[in-house]
Amino acid sequence: AVVAPQSSVSSGINAEYGGYSERAPRAVWTVYKRHYKTYHKFFGLTQFTYARALKTLAMHQNDARTIHEIEEFFEKNSAGGGEMGLRNGLEVALFRVEFAKWAVPDIVKYLRSKGHCS
């Protein structure tokens, strides 16, 4: 049986992901994927901790290719108790990528017309 980790260890996974996933999202995904079995063993049954970690890992991804890779990975591997966090994070990431495609050019154009961008 898998025993849930102590709260200090549980908070460590979220601090780790929170600190790096925004600055280096691809690196965090690479490390997670490499150590998936360990993370899943210790955190797979801790619903809120794992959900928050997987949401953070996914939501900061900034390219469609990596997002698709994460989706494919979790089609073959369980997200355990973190399933809903993962889904939410992927939803946020996909929205951000699509928003950048269709809205950012118009925003930049508008700001330039008002003299805010060079």
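## Ser-21 and its surroundings

Ser-21 touches Val-28, Thr-56 and His-60, leaving aside residues up to four places away in sequence, where a contact means heavy atoms within 4.5 Å. Ser-21 lies in the loop between helix 1 (7-20) and helix 2, and Ser-21 is buried, with a relative accessible area of 0%; buried means under 20% relative accessible area, exposed over 50% and partly exposed in between, with a 1.4 Å probe and protein chains only.

## Basis of the model

This is a predicted model, in which local features need pLDDT of at least 70 and side-chain atom pairs count only at pLDDT 80 or more, while totals for chains, interfaces and linings use all residues. Residues are numbered from 1 along each chain as its sequence is written, and side-chain values use heavy atoms, with hydrogens and water left out.

## Helix 2 against helix 4

The axes of helix 2 (residues 25-34) and helix 4 (residues 47-59) come within 10 Å and cross at roughly 135°. That makes helix 2 oblique to helix 4, since angles under 35 degrees count as roughly parallel, over 145 as roughly antiparallel, 65 to 115 as roughly perpendicular and the rest as oblique. Val-28, Trp-29 and Tyr-32 of helix 2 meet Tyr-50, Leu-54 and Leu-57 of helix 4.

Pro-25, Val-28, Trp-29 and Tyr-32 are buried in helix 2. Viewed down the axis of helix 2, its buried residues fall within an arc of 100°, so they line one face of the helix, the arc being that of the directions from the helix axis to the C-beta atoms.

## The protein as a whole

Buried residues make up 33% of the 118 residues in the protein.

Notes:
Axes fitted to C-alpha atoms, helices over the stretch in contact; angles between N-to-C directions. Helix = DSSP H or I, 4+ residues; strand = E, 2+ residues; numbered from the N terminus.
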